[in-house]
Amino acid sequence: MTVRALRRQDATAWVFLAPALILIAVFFVVPVVTGFVMSFTDFDIYAIGDPSVARWIGGRNYQQALTDPEFWNALRNTFVYVLVGGPLSVAASLVAAVLVNAKLARFKSTFRVIFYMPVVTTLVAVAIVWRYLYHPRYGLIDSALAGLGIQGPDWLGDPHLALFSIIILAVWKNFGYNMLIFVAGLQSIPAEHYEAARLDGAGGLAQFRHITLPALAPTFLFVGINTMVASFQLFPEPYVMTQGGPLRSTVSIVLLMYEQGFRWWRLGLASSIAFLLFGIMLIGAMIQLRIQKGRGA
């Protein structure tokens, strides 16, 4: 192939790539760069009407965020959600995937649809149902506990329980997405491996430990990073269910960012919180990649 033909081929490729690259630049690169620049300004509601009002204040927004107890409270709540809700979601997804992928299981497609339905259900509808379930007087959960002679707690009104109540809701709503990924991973494992293990006398638990789990390592990495990123972005559940209460026990870092940006119109400070969160998620992803690389070495 001549040099001229190669250049023509490259030009054709760029023509086909241009629409996608333009969309990425307009809807991703430009907003990210703008937000990063904004995080070094005091951009607020007055600057929306007249951007020239905004002043360059350097790293003052980052300093204000890092010295604000509300930021650390929101970060603590978010970490609790990530460290408790994330593993719970992955474990529930794996158990559901193993069950619906088992040879003896019947109505596999039906159960996959049932488990996936919460993912596509709107959060507002889910929140209405779960607020009823959690209601201290009329809720189904406390009524069931009362039938056993147990006084049920105020799930969303107790500062010590509200976050964990939201974690249970979030795990139930989201585990179906990862379940489908695990099902795909399970179906990619050759059946010959299990047949050879059975011939060697390995039981179901040994097969799961020595064949299934190692074969699912790449799937675990993808699901782990995906779940971690989604968990750090916890927003709709506390926003709809508790508005960050009671006593700010369920405010997440993204909910705090929303409040600063769109309730108090401190867009510069909200942008700095967003980039602090981005840095935390980047470090978390790098740690997972390093752990996975160490296991593969």
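Modeller: Let's begin with residues 161-184: in this predicted model, that span is 96% helix and 0% strand, and its end C-alpha atoms lie 35 Å apart. An unreviewed UniProt entry annotates 161-184 as a transmembrane region, along with 12-33, 79-101, 113-133, 215-235 and 264-287. One of those, residues 12-33, comes out as 100% helix and 0% strand, with 29 Å between its end C-alpha atoms. The unreviewed UniProt entry also lists a domain, "ABC transmembrane type-1", for residues 75-288. Over residues 75-288 the chain is 76% helix and 0% strand, and the end C-alpha atoms are 19 Å apart.

Helix α8 (162-187) takes us to a pocket. Together with α4, α9 (191-199) and α10 (204-215), α8 supplies at least two residues each to the lining of the second largest pocket. That pocket holds about 550 Å³ of space. It has 16 lining residues, and Asn101, Ala102, Lys103, Tyr194 and Thr212 are the ones closest to its centre.

Helix α4 also carries Leu99. Is Leu99 buried or exposed? Its relative accessible area is 54%, so Leu99 counts as exposed. If you're wondering how Leu99 sits relative to Ile168, the two are 69 residues apart in sequence and 20 Å apart in space, C-alpha to C-alpha.

Now for the packing. The largest nonpolar core has 20 residues, and Ala65, Phe71, Phe232, Ile253, Leu256, Ile273 and Leu277 have the most contacts inside it. At least two residues of this core come from each of α3 (60-66), α4 (69-101), α11 (217-232), α13 and α14 (267-296). Helix α14 gives the most, with six residues. There's also a second, separate core of 17 residues, which includes Ala96, Ala97, Leu216 and Val223.

Leaving aside residues up to four places away in sequence, Leu256 touches Glu70, Phe71, Ala74, Arg248, Val251 and Ile273. The largest cavity contains about 40 Å³ of space, and the count of cavities of 30 Å³ or more comes to one.

Last stop: Glu259, which is found in helix α13 (residues 253-263). Why does Glu259 count as buried? Its relative accessibility is 3%, and the cut-off for buried is under 20%. What does the side chain of Glu259 make a polar contact with? Its partner is the side chain of Arg248, at 2.7 Å. Not counting residues up to four places away in sequence, Glu259 touches Gln243, Arg248, Val251 and Trp264.

Notes: Residues numbered from 1 in each chain as written. Predicted model: local features only at pLDDT ≥ 70, side-chain atom pairs only at ≥ 80, totals over all residues. Heavy atoms only, no water. Helix = DSSP H or I, 4+ residues; strand = E, 2+ residues; numbered from the N terminus. Buried < 20%, exposed > 50% of the residue type's maximum accessible area, 1.4 Å probe, protein only. Polar contact = N/O pair within 3.5 Å; in protein donor to acceptor, adjacent residues only side chain to side chain. Contact = heavy atoms within 4.5 Å. UniProt positions renumbered as here; feature names shortened; annotations may be inferred. Core = buried A, V, L, I, M, F, W, Y, C linked by side-chain atoms within 4.5 Å. 1 Å grid on protein atoms, 1.4 Å probe; cavity = no way out; pocket = protein on both sides within 12 Å on 5 of 7 lines; lining within 4 Å. Points joined across faces, edges and corners; volume = space filled by probe spheres on them.
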